[in-house]
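Student: I'd like to go through this one with you and ask what backs up each label. Can we put the structure up and start with the contacts?

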Amino acid sequence: MNTTAHDFVTVDMRGLKAALVARAQAERVSVSVLVRGAVARDLGLDMDRERQHAGTLGRGASSPASVKLSIRMTAEEALQLAGSACAAGLSRGAFLAGLIANVPVLSAGGGRAEHIASLMASSAELATLSRNIHRLTALLRQASVEPARPYREMLDTLAADVRRHLELAARALADLQPRGAKVESSARSPH
């Protein structure tokens, strides 16, 4: 339910509508913004476009509720926005919000899907290591030394493999967060 009070006026443009719409498109604003600015100038009121926009957006700015935002752009820009959002696996609104928040993978070209895929692949390798360690532990409990020998090479590289995964995960997660976002951690790095 929209509780914002609007003052509507219907005006017979007497042949000026086409020029008005063309001007609004050229300036990439709505017809309403253009008309309000013209009326304010004619009335001698100091009302710039930024304040017109801020007045409509500022009413609920402190609340976490979503607002609908209309943006004027060329058809090519709209296609590029839709394509980039789709490539990032996000809605257009979430993609724009990520760009505004300066999420590195979005502002650097939308590599979000690649980051997530890398993180998933690395996690799968770590899961395999976990299963192998579990199997090795079971063999050692049974005192089956010979079947446990093939796991020696895995143990020799285990620390480096885990560290590589953790570094990849840290980079990927950092790149998926807005710049300047504080990430709280209760665990400390074992160095």
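Student: How much of the contact set in the chain joins residues at least 24 apart?

Tutor: Among contacts between residues at least 6 apart in sequence, 47% join residues at least 24 apart. Keep in mind that this is a predicted model.

Student: What makes up the secondary structure of the chain?

Tutor: Nine helices and zero strands. Read from the N terminus, the elements go α-α-α-α-α-α-α-α-α.

Student: And how much of the chain counts as buried?

Tutor: Of its 191 residues, 17% do. The chain exposes about 14,900 Å², with carbon and sulfur atoms supplying 57% of that.

Student: Why is H1 called roughly perpendicular to H2?

Tutor: Start with the general idea: two packed helices are described by the angle between their axes and the distance between the axes. Here helix H1 (residues 17-27) and helix H2 (residues 31-42) pack at about 100 degrees, their axes 9 Å apart. The roughly perpendicular class runs from 65 to 115 degrees, so H1 is roughly perpendicular to H2.

Student: Which residues make that contact?

Tutor: H1 brings Leu 20, Val 21, Arg 23, Ala 24 and Glu 27, while H2 brings Val 31, Leu 34 and Val 35. Sorted by kind, the residues of the contact come to six nonpolar, no polar and two charged. Arg and Glu count as charged, so Arg 23 and Glu 27 are the two charged ones.

Student: Where is Val 29 found, and why is Val 29 called buried?

Tutor: Val 29 is in the loop between H1 and H2. Its relative accessible area is 9%; buried means under 20%, so the label holds for Val 29.

Student: What makes Ser 122 buried?

Tutor: Same cut-off, under 20%: Ser 122 has 12% relative accessibility, so Ser 122 counts as buried. Ser 122 is found in helix H7 (residues 112-141). Leaving aside neighbours within four places in sequence, Ser 122 is in contact with His 165 and Leu 168.

Student: How many salt bridges does the structure hold, and how do you know that Arg 14 and Asp 12 form one?

Tutor: There are three. For Arg 14 and Asp 12, the closest N and O atoms are 3.6 Å apart. The cut-off is within 4 Å, so the pair qualifies as a salt bridge.

Student: Are Arg 14 and Asp 12 buried or exposed?

Tutor: Exposed means over 50%. Arg 14 has a relative accessible area of 73%, so Arg 14 is exposed. Asp 12, at 57%, counts as exposed too.

Student: What is the N to O distance for Asp 161 and Arg 164, and where do they lie?

Tutor: The side chains meet at 2.4 Å, N to O, which is within 4 Å, so this pair is a salt bridge as well. Asp 161 and Arg 164 both lie in helix H9 (residues 152-175), three residues apart, about one turn of the helix.

Note on methods. Residues are numbered from 1 along each chain as its sequence is written. This is a predicted model: local features need pLDDT of at least 70, side-chain atom pairs count only at pLDDT 80 or more; totals for chains, interfaces and linings use all residues. Side-chain values use heavy atoms; hydrogens and water are left out. Buried means under 20% relative accessible area, exposed over 50%, partly exposed in between (1.4 Å probe, protein chains only). Helices (H or I, at least four residues) and strands (E, at least two) are DSSP runs, numbered from the N terminus. Axes are lines fitted to C-alpha atoms, for helices over the stretch in contact, and angles run from 0 to 180 degrees between N-to-C directions. Angles under 35 degrees count as roughly parallel, over 145 as roughly antiparallel, 65 to 115 as roughly perpendicular and the rest as oblique. Contact means heavy atoms within 4.5 Å. Accessible areas come from the Shrake-Rupley method with a 1.4 Å probe; for residues, only the protein chains shown count as cover.
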